[in-house]
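Q: Could you walk me through this one?
A: Gladly; here it is.

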Amino acid sequence: MSYKFDFAFLADKWPDFVAGAWLTIQLTILSIAFGFLLGTVCALARVYGGSVLRRLVGSYVETIRNTPLLIQIFIVYFGLSSLGLKLSAEVSAVIALTVNMGAYTTEIMRAGIQSVQRTQLEAADCLGLTRLQTILHVVLLPAMERVYPALASQGVLLMLASSITSQISAEELTATANLVQSDTYRSFEVYLIVAVVYLALSALYRLGFWAVGQVLFQRRRRLGTPL
Amino acid sequence: MIQLSANHLLYLLEAARWTVLLSLIAFLGGAVVGLPLALMRLSKIGLLRGVASGYIQLIQGTPLLIVLFLSYFGLGILGYKLIPLIAAGISLTLYAAAFLGEIWRGCIEAVPRTQWEASDCLGLSRVQQYAYVILPQAVRLAIPPTVGFMVQIVKNTSLASVIGFVELSRAGQIVNNSTFEPFVIFASVGAIYFALCYPLSIAARTLERRAHAGR
C-alpha cells in the first residue's frame, strides 16, 4: 500500500463544501419543519379522525415507511416531471424529504397524542374549551414533550438521509463531493472530509434540537423531569 | 425508445433477488459484528466501551451513502479491485452493526438486574452468565425490534445502486433509461420494495404486541 493522501485541493475547493453544507442545512430545516407540521396534522387525523381519514393516513404512513427514500425521490423528481409537473431538483428534494419526515412524525406524534391522559381531555371539556382549543392548548405541547427525543433523532436521521438527494443532483453536500471528486480524482479524501462535515452537522443538529427543546418545554426546564 | 413490457417487469423482479441477497449479507454481517459491539458497550473495561460507542456514534453520525463511497474508493486505495457487491456488503454491514449493536445493548440492559445478581450468587462466571442466563432472555426481547430494523436494511440496500451495483433500484434506473416511463417504473420498483418490507413491518408489530401481552 503506497497511497499518499493529498488534501491540497481543499485550498480552492473549500467554498464549494461550505456552499454544499449550507444547502444541506436549508433543505433539511425546511423539510423538518414542513414534515413536522404534516406529520402532526396526520397524527391528529389518525387519532381523532373518522375511519376513512384514519385509513387514508394509515396507508400513507405504511407506504412511505416501507419504501426507500431513493425511490420516493425518483418518483417526485422524474415521475412528476414525466406527468407534466416540472420541479427543480431542490424543490423535489424538499417535497420528498417532507413527505418522508411526515410519515415518521405521524407515528411518533401519534404515540405522544395517545399518551395524553383522558382526565386532561375531560378537564378541558369541563372548562368549555372547543375541540380545536383542547388540541392546541391541552394536547399538543405535552404530547410533543413526551416524544421529543424520538422527534429529534428522526430529524438528525433526515439530515443524514438528505445526502440521497444528491442522486437527483440537488447541489447539497454529497453532490458537491461527487463534483469535486470527479474534478480532482481524490475520491477517498473528498468523502473523508464530507464524512467529517456530516458528523459535525449531526452534532450541530442535536445541539439545535436540545436548544429548541429548552425554549419549548419550560416546565421541563424548570423541574427537570418529563411530564 | 423502447415500449415498456412485461419483460421489463421480469427484469426488475430478477434484480430484486440481489436486493434480497444484499439484505441478507448486511443482516448476517451486522449481526456478527453487532453482538460483540453490544457486549463491548456493556463491558467493565472502559477502553472497550469507549471504542464501541465511538464506532457507533461515528456510523450513526454519517450518512450511509458516504460510508458506501468511502468503502468503495477505500478498497481501491488498498489495491483491491472495485467490486460493487463487496463494497456494498461491507458498508451495509458496518451500518447494520452499529444500529443492531445499540438495539441489542438495550435488550440486554432490559433483562432485570436480579437475574445478574442471582447468577452471581450461583457462582457463574461472566461468560456463563451471558450464555446461560442473560442472552437467552435478551433474545426474546430483541426479536421484535430486530425484525423492525430489517426493514431499514432492505430499504437501505437501494443506496448500493449509486456505486453501480445492479439491484432493484439500479435496475429501475436502467429500465427507465431505455423506456423513459419514470412514473410507472419507479412506482413498480416501490411496490416491489413494499412487498418485501411490509410483511416484515407487520411481523415486527405482531411480535411486539405479543411480547407486551405477556407482561
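Q: How much of chain B is buried?
A: Of the 215 residues in chain B, 43% are buried, meaning that 20 or more other C-beta atoms, placed from the backbone, lie within 10 Å of the residue's own. This is a predicted model, where local features need pLDDT of at least 70 and side-chain atom pairs count only at pLDDT 80 or more, while totals for chains, interfaces and linings use all residues. Residues are numbered from 1 along each chain as its sequence is written, and chains are lettered from A, with ligands numbered from 1, in the order in which they are written.

Q: And what secondary structure does chain B have?
A: Chain B has 8 helices and 0 strands, taken as DSSP runs (H or I of at least four residues for helices, E of at least two for strands) numbered from the N terminus.

Q: Which residues of the largest nonpolar core have the most contacts inside it?
A: They are A:Ile73, A:Tyr191, A:Val194, B:Leu68, B:Tyr95 and B:Ala96, in a core of 116 residues; such a core is a set of buried Ala, Val, Leu, Ile, Met, Phe, Trp, Tyr and Cys residues joined through C-beta atoms within 7 Å.

Q: Which helix gives this core its largest share?
A: Helix α4 of chain B, residues 84-110, with 14 residues.

Q: Switching topic, how many residues of chain A are in contact with chain B?
A: In chain A, 31 residues are in contact with 29 residues of chain B, contact being C-beta atoms, placed from the backbone, within 7 Å.

Q: Which helix of chain A gives the most there?
A: That is α8(A), which supplies 9 residues to the side of chain A that touches chain B.

Terms used. Two residues are in contact if their C-beta atoms, placed from the backbone, lie within 7 Å. A residue is buried if 20 or more other C-beta atoms lie within 10 Å of its own, exposed if 12 or fewer, and partly exposed in between; C-beta atoms are placed from the backbone.
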